[in-house]
Amino acid sequence: MIKGFGGIFWRTKNLNEIKKWYSDVLKIEIENWNGTVIQPQSGNETIFSFFTEDDNYFPTDQQVMLNFQVHNLNLTIKHLEHIGIPLEKKKEISEFGKFVWIKDPEGRLVELWEK
């Protein structure tokens with residue numbers, strides 16, 4: 001029945017700041033309607049997963065965590081270093097891929113993943 005995700009929507013305290021951060025840091029082109037369309041590419045996957053209330057994979061006071069799949073995690077890390085965005089956790093490599101985490105201006109942990 002489900003064909004795919006139709007969107008991710010959330011409230012923000014400072015719309016202009018958060019739009020600029022996601023544009024500058026993650027190179028997401030935010031349009032005048034305060035969003036963008038991310039077209040799926042061949043080989044991309046969207047994971048839908050639940051975590052228990054006390055799971056510490058991401059902060060327990062954060063209800064949802066964004067995960068963005070990137071083409072090259074090492075180049076992404078270099079970009080983040082260049083613009084002064086610190087990693088919240090060092091790079092991890094597992095059977096699921098390579099991961100790093102950063103925080104947006106409102107303190108949300110954001111996961112970056114190379115499959």
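1. Helices (H or I, at least four residues) and strands (E, at least two) are DSSP runs, numbered from the N terminus. On that basis Asp104 sits in the loop between strand E3 (97-103) and strand E4 (109-114). The model is predicted: local features need pLDDT of at least 70, side-chain atom pairs count only at pLDDT 80 or more, and totals for chains, interfaces and linings use all residues. Residues are numbered from 1 along each chain as its sequence is written, and side-chain values use heavy atoms, with hydrogens and water left out.

2. Overall make-up. The chain has two helices and four strands, and along the sequence they follow the pattern α-β-α-β-β-β. The C-alpha trace spans about 45 × 40 × 35 Å along its principal axes. The radius of gyration is taken over C-alpha atoms, and the globule rule is 2.2 Å times the number of residues to the power 0.38. For 115 residues a compact globule would have a radius near 13 Å, and the 15 Å of the chain agrees with this.

3. Burial and contacts. A residue is buried under 20% relative accessible area, exposed over 50%, and partly exposed in between (1.4 Å probe, protein chains only). Of the 115 residues, 27% count as buried. Contact means heavy atoms within 4.5 Å. Among contacts with a separation of 6 or more, 57% are between residues 24 or more positions apart.

4. Asp104. Which residues does Asp104 touch, not counting those up to four places away in sequence? They are Trp10, Ile18, Trp21 and Tyr22. Asp104 counts as buried because its relative accessible area is 4%. A polar contact is a pair of N or O atoms within 3.5 Å; within protein, one must be able to donate a hydrogen and the other to accept it, and residues adjacent in sequence count only if both atoms are side-chain atoms. The side chain of Asp104 has such a contact of 2.8 Å with that of Tyr22.

5. Salt bridges around Arg108. A salt bridge is a side-chain nitrogen of Lys or Arg within 4 Å of a carboxyl oxygen of Asp or Glu. The count comes to five. Arg108 forms one with Asp104 (2.8 Å, N to O) and one with Glu106 (3.1 Å, N to O), so that Asp104, Glu106 and Arg108 are linked in a network. Arg108 is buried at 18%, whereas Glu106 is partly exposed at 23%.

6. Asp24 pairs with Lys20, the closest N and O atoms being 2.4 Å apart. The two are four residues apart in the helix, so about one helical turn separates them. Asp24 is partly exposed at 34%, and Lys20 is exposed at 52%.

7. Leu109. This residue is in strand E4 and is buried at 5% relative accessibility. Its C-alpha atom is 6.9 Å from that of Phe58, 51 residues away along the chain. Leaving aside neighbours within four places in sequence, Leu109 is in contact with residues including Tyr57, Phe58, Pro59, Met65 and Trp101.

8. The surface. Accessible areas come from the Shrake-Rupley method with a 1.4 Å probe; for residues, only the protein chains shown count as cover. The chain exposes about 9100 Å², and carbon and sulfur atoms supply 53% of it. Patches are made of residues with over 30% relative accessible area and no salt bridge: like charges are joined within 9 Å, nonpolar side chains (Val, Leu, Ile, Met, Phe, Trp, Tyr) within 5 Å. Phe5, Phe48 and Phe50 make a nonpolar patch of about 430 Å². Phe50 lies in the loop between helix H1 (15-26) and strand E1 (66-69) and is exposed at 70%.
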